[in-house]
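Subject: A structure for you to explore

Hi there,

Here is the structure I promised to pass on to you. Please open it beside this email and follow along as you read.

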Amino acid sequence: MPVLAVAIGVVVAIIVLIILFKMVWRVAEPNEALIISGLGAKSKPIDGVDSLGFKIVTGKGTSVLPGFQVARRLRLDSRAANLEVNCVTQQGIPVKVRGVVIYKVGDDFVSIANAARRFLEQQGSMDGAIHELFTGHLRSIIGNLTVEDLILNRERLTSETRSSAADEMSKLGLVVDSLQIQEIDDETGYITNLGRPHAAKVAAAARIAEAERNQEATEREQETERQNAAVIRDTEIKKAEYEGQVQQAAQQARQEVILKETRNAELEAERTEKRLESEVRKPADARAYEQVKLAEAEREERIAQAQAAATEIQLRAQREAEATRILGEAEADATRQKGLAEAEAIKARAEALAKNTDAVIAQQLAEQWPQIVEAGAGVFGNVDNMVVLNGAEGIEDMLAKALTLGGTGLGVARQLLANLNGQPAANGHNGPAPAVSAVEVPDED
């Protein structure tokens with residue numbers, strides 16, 4: 001029981017100490033300063049200042065006796081104050097200047113002390129004080145400058161303004177981080193008129209530059225189009241080359257396939273030929289060889305038979321030829337004897353004809369009267385029209401007169417005899433007597 005009471009007492013004491021510590025201990029944040037005033041709150045001498053009458057703590061903690069001391073916080077971060085000042089330039093031209101001032105409490109203890117004395121309980125009034133301070137300095141400085149100076153040399157304006165307000169800012173414990181002149185306006189249009197020549201020049205330069213840029217752009221576009229056309233042409237050429245190569249490769253592949261198929265067909269044909277060689281040709285050759293041998297044996301047998309028959313025929317032909325020769329010799333001798341006899345007869349007739357022509361002719365006419373009459377009738381057969389006055393007696397009389405007329409009649413008789421004997425006539429003409437177109441036989445009465 002006593003142990004528990006002791007533990008509880010210790011815990012209570014610790015809690016009391018924590019509460020007391022939190023009530024007594026204060027910590028300054030990085031962007032603030034603790035201003036401690038009251039019993040025993042004094043700072044060490046700073047820059048020849050013996051005592052500030054209060055304690056300044058930054059960036060650390062310190063104890064504050066409740067009821068005897070008071071701790072207040074002063075912000076050290078940056079603040080912004082907008083400026084809008086109506087001024088008159090050296091030329092008497094009214095202008096309105098807009099800007100902004102970025103400021104803060106200085107980091108040194110003197111600046112903190114000065115700011116604490118002036119703004120600790122009214123830190124919101126800092127912006128108003130800064131605005132009034134810089135408004136006065138801007139009016140004073142702009143009154144000594146021209147509009148052209150304001151436009152062309154704003155850095156001079158800001159630099160002179162900061163330099164002019166530096167002492168007052170130091171007394172307030174404030175420092176300027178940045179001063180920016182954002183805008184300068186005039187109600188008379190002076191700044192606008194100042195800018196017109198330059199604006200016109202700039203506009204002309206802009207139009208020229210725009211025209212040049214347009215020309216360059218057009219040239220670049222045309223060049224790009226030419227390059228695109230060249231690329232398209234090269235692409236089409238490459239495409240045609242690739243297609244040609246593809247077609248050539250396909251053709252080569254087809255040729256290889258055809259070669260393979262041809263080779264396979266040749267191999268198949270060789271296999272088929274070998275199979276036929278083994279299965280068909282060799283058995284057929286064997287059968288053919290057998291047939292050939294049988295045929296040769298049969299042919300030799302026939303040849304032997306033919307040779308025997310030929311020998312017999314030759315012997316028979318020799319016998320017949322001998323008999324034919326003997327018979328021919330006999331016939332030739334008979335023909336020769338007959339020819340000799342006919343020659344002698346012709347010779348005798350020729351001699352007789354030469355000695356007594358008329359007697360021979362009369363004898364031949366008597367011997368060959370029927371043939372003469374037939375030949376004479378043949379002569380009259382060529383007559384187209386003939387008038388016979390005494391019938392058959394007139395014809396007989398005409399023939400008798402023709403044979404007995406002598407001269408012309410004798411010539412006709414000779415021609416008839418020559419035709420009958422197959423010899424040329426005495427006047428040297430061959431063939432039948434000339435055709436008579438018409439013969440008129442007169443009546444003796």
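How many residues apart in helix H6 are Glu268 and Arg271? They are 3 residues apart, so about one helical turn separates them. I will come back to that pair below.

Some background comes first. This is a predicted model, in which local features need pLDDT of at least 70 and side-chain atom pairs count only at pLDDT 80 or more, while totals for chains, interfaces and linings use all residues. Residues are numbered from 1 along each chain as its sequence is written, and side-chain values use heavy atoms, with hydrogens and water left out.

**The overall picture**

The protein has 10 helices and 10 strands. These are DSSP runs numbered from the N terminus: helices are H or I with at least four residues, and strands are E with at least two. Of the 445 residues, 20% count as buried. Buried means under 20% relative accessible area, exposed means over 50%, and partly exposed lies in between (1.4 Å probe, protein chains only).

The protein exposes about 30,900 Å², and carbon and sulfur atoms supply 56% of that area. Accessible areas come from the Shrake-Rupley method with a 1.4 Å probe, and for residues only the protein chains shown count as cover. A contact means heavy atoms within 4.5 Å. Among contacts with a separation of 6 or more, 71% are between residues 24 or more positions apart.

**How confident is the model?**

Confidence is given as pLDDT, the predictor's confidence in each residue, from 0 to 100. Its mean over the protein is 75, and 75% of the residues reach 70 or more. Among the elements, S7 has the highest mean pLDDT (89) and strand S10 (residues 438–440) the lowest (40). Over residues 405–409 pLDDT stays under 50, and the model has 1 contact beyond four places in sequence for them. Over residues 424–445 pLDDT also stays under 50, with 39 contacts beyond four places in sequence.

**The core**

A nonpolar core is a set of buried Ala, Val, Leu, Ile, Met, Phe, Trp, Tyr and Cys residues joined through side-chain atoms within 4.5 Å. The largest one has 41 residues, of which Leu74, Val95, Phe134, Met169 and Leu174 touch the most other members. Elements giving two or more residues to this core include strand S2 (32–38), helix H4 (147–152), helix H5 (154–171) and strand S8 (174–186). Helix H3 gives the largest share, 7 residues.

Val95 also turns up among the contacts of Thr89, which include Ile142, Gly143 and Leu150 as well, leaving aside neighbours within four places in sequence. Thr89 sits in the loop between strand S6 (79–88) and strand S7 (94–105). Is Thr89 buried or exposed? Its relative accessibility is 4%, so Thr89 counts as buried.

Asn114 lies in helix H2 (residues 109–119). Asn114 is buried too, because its relative accessibility is 16%. Not counting residues up to four places away in sequence, Asn114 touches Ser170, Lys171, Leu172 and Gly173.

**Salt bridges**

A salt bridge here is a side-chain nitrogen of Lys or Arg within 4 Å of a carboxyl oxygen of Asp or Glu. By this rule the count comes to 12.

Back to the opening pair: Glu268 and Arg271 form a salt bridge, with the closest N and O atoms 2.5 Å apart. Glu268 is partly exposed at 41% relative accessibility, and Arg271 is partly exposed at 48%. Elsewhere, salt bridges that share partners join Arg98, Glu183 and Asp185 into one network.

Helix H6 (residues 190–355) also holds Glu266 and Arg263, which are 3 residues apart and thus separated by about one helical turn. Their side chains meet in a salt bridge (3.5 Å, N to O).

Asp107 and Lys104 form another salt bridge, with the closest N and O atoms 2.8 Å apart. Asp107 is exposed, with a relative accessible area of 59%, whereas Lys104 is buried, at 13%.

**A patch on the surface**

Finally, look at helix H1 (residues 2–24), where you will find Ile8. Ile8 counts as partly exposed, because its relative accessibility is 46%. Ile8 is one of the residues making a nonpolar surface patch of about 890 Å², along with others including Leu4, Val11 and Met23. Patches are made of residues with over 30% relative accessible area and no salt bridge: like charges are joined within 9 Å, and nonpolar side chains (Val, Leu, Ile, Met, Phe, Trp, Tyr) within 5 Å.

Enjoy exploring!
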